Amino acid sequence: MRSTFIALTCFAGLAATTVLAAQGPNADFGVFVEVQLKAHAEQLFGFRHPLEESALGPFTGPSTEALEVADGLRVSLVSSGVAAAADQIALWPDDEHPTHLFVCDEETTDPAVQRIDLRLPANSNVTKIVTGLIACDPVRRTPWGTIIVAEEAGATGGLYEILDPEHINAPINVSNRAAGTTSDPNHLVKRKAVGSLSFESFGIKGDGTMIYGDELAPSGGNAGGALYKFVPSVPYQGGTPITIPSLSPLASGTIYGLRVAAAGSSNWGQGAETGKGLWTLVNLGGAGVVDANGNVILRTAQLLQRFSGYYRPEDMDVDPIALEGGVFRVCWANTGRMSHVGGSLVENGAVYSEIMCLVEEPPSVAVPAPATGTIPTVSRFIPGDLVAQMYDNVAFQPHTGNLVVLEDGPTSLVTSLQPGAPPQFRGNDIWMCLPDGADKDVQSDGCVRVASLRDTTAEPSGFIFTASGEEAFVNLQHRDVDTAGNRGSLMKISGFRVRH
């Protein structure tokens with residue numbers, strides 16, 4: 001496969017030279033590159049032809065027809081029993097041969113967390129296991145065999161750990177979110193040591209060290225959401241799954257906030273978003289940082305310590321290719337803000353989205369002993385544009401380094417400024433983007449549209465690959481046709497061909 005790919009690349013280079021020469025000095029090389037990405041989609045992305053345009057809406061038909069996918073891919077229904085606002089997804093007990101999925105419900109407290117048995121029919125495979133959380137959004141399986149879920153609930157959002165989640169068959173209720181009181185503290189525990197914020201993103205290392213962000217937009221001159229690093233007091237050393245709450249690496253630890261600035265430099269603050277930085281210890285003694293219930297209010301800490309801010313940092317994923325090479329790299333979505341879908345004659349927001357990445361680098365001569373033993377270095381990986389907008393969820397494809405990016409943006413397209421002219425509706429897209437190659441920049445080498453929602457009342461959410469990289473799960477979140485009965489549309493996309 002590699003020799004075939006190299007031959008195609010060489011052929012594409014010769015073709016580029018021929019076409020550009022024929023077009024003369026006014027040739028648009030960027031357009032040519034886009035054409036080549038589509039023409040060689042099977043070699044680069046694992047499917048025959050990407051979608052040329054966003055899907056047109058509205059659409060109220062079956063879920064299996066609500067998502068248009070690239071040529072060569074297939075869509076099937078996994079569960080219609082999940083909640084209509086089911087969001088992120090975790091595979092259980094592993095990524096290789098999952099028997100269950102766990103999902104958060106972003107819009108209700110009952111259910112808050114559900115378990116899906118993949119061995120059962122799509123209309124009867126869901127068990128409610130947690131109630132009482134607000135805006136449950138991210139969910140992850142930990143290296144020590146638990147499930148963590150968290151709330152996208154402003155400054156008071158909490159993180160909870162579920163132990164032995166496969167065998168919980170009656171809902172556990174969170175009766176007091178501030179105190180973290182649950183009806184079964186042996187199986188559901190609030191992890192106050194991690195802090196409180198509006199959770200959506202996690203990058204977890206094998207020992208329990210985590211990087212995560214606060215889903216907050218800048219406002220009134222104050223910075224947007226910061227990034228944080230949690231270092232456990234007792235790192236996980238591997239072995240059997242943890243079933244006793246006090247033994248989890250999340251039980252206690254230290255929180256650091258990110259300041260992007262070189263060692264010894266005072267040039268940190270608004271405008272300094274990329275480059276080398278420092279993990280700065282969160283000052284728990286600051287006014288209002290720790291509340292009466294022992295929650296660490298990280299937004300208060302950010303205001304006091306001025307950690308670097310981003311525009312609504314949302315979902316985050318760990319780069320598996322980098323991890324295999326011993327490098328911990330996480331990428332996340334800065335959502336931005338748009339008022340209309342790409343190509344509209346009207347746009348009132350125009351804060352472009354972007355994908356950012358952070359690499360934990362080892363100490364250097366300049367920084368011989370950083371606080372957490374690493375130097376965080378941030379770069380822009382994928383910029384937003386007039387078409388690809390309001391990035392939300394991200395997922396690395398195993399074995400390839402390709403990154404899937406989901407939109408959560410507006411769907412209204414104004415094509416006429418005549419009074420009373422109705423808008424068109426175009427669905428949110430799913431993009432697949434190449435890793436950075438050997439060129440001099442640090443950005444993706446290009447993206448194509450892999451899927452698009454025909455139902456323009458909904459958004460795609462929670463995309464996650466199995467270990468093979470050949471299939472993935474995704475929620476079609478809050479379809480209007482699902483909301484009345486609070487039934488969802490958890491789907492599987494199959495048919496990706498993986499080039500190792």
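Tyrosine 212 is buried, with a relative accessible area of 0%, in what is a predicted model. Tyrosine 228 is likewise counted as buried, because its relative accessibility of 0% is under the 20% cut-off.

**Aromatic pairs**
- The structure holds 13 aromatic pairs, and one of them is formed by tyrosine 212 and tyrosine 228, which are tilted at 35° between the planes and lie 6.3 Å centre to centre.
- This pair links distant parts of the chain, since tyrosine 212 belongs to strand E15 and tyrosine 228, 16 residues apart from it, belongs to strand E16 (residues 227-232).
- Phenylalanine 463 and phenylalanine 465 form an edge-to-face pair, because their planes stand at 70° with the ring centres 5.2 Å apart.
- Phenylalanine 463 is buried at 5% relative accessibility, and phenylalanine 465 is buried at 4%.
- One aromatic cluster brings together Phe45, Phe47, Phe463, Phe465 and Phe496.

**The sheet**
- Five strands make up an open sheet in the order E14-E15-E16-E17-E19, with antiparallel pairing.
- Strands E14 (203-204) and E19 (278-281) each have a single partner strand and stand at the edges, so one side of each is left without a neighbour in the sheet.
- E14 is joined by 2 bridges to the antiparallel strand E15 (residues 210-213), where methionine 210 is the bridge partner of isoleucine 204.

**Charges over rings**
- Arginine 259 lies over the face of tryptophan 268, at 4.0 Å from the ring centre.
- The ring of phenylalanine 381 has the charged end of arginine 329 over it, 4.9 Å from its centre.

Note on methods
Residues numbered from 1 in each chain as written. Predicted model: local features only at pLDDT ≥ 70, side-chain atom pairs only at ≥ 80, totals over all residues. Heavy atoms only, no water. Pairing = 2+ DSSP bridges. Helix = DSSP H or I, 4+ residues; strand = E, 2+ residues; numbered from the N terminus. Phe/Tyr/Trp six-rings, centres within 6.5 Å; stacked < 30°, edge-to-face > 60°. Buried < 20%, exposed > 50% of the residue type's maximum accessible area, 1.4 Å probe, protein only. Lys NZ or Arg CZ within 6 Å of the ring centre and 35° of its normal.
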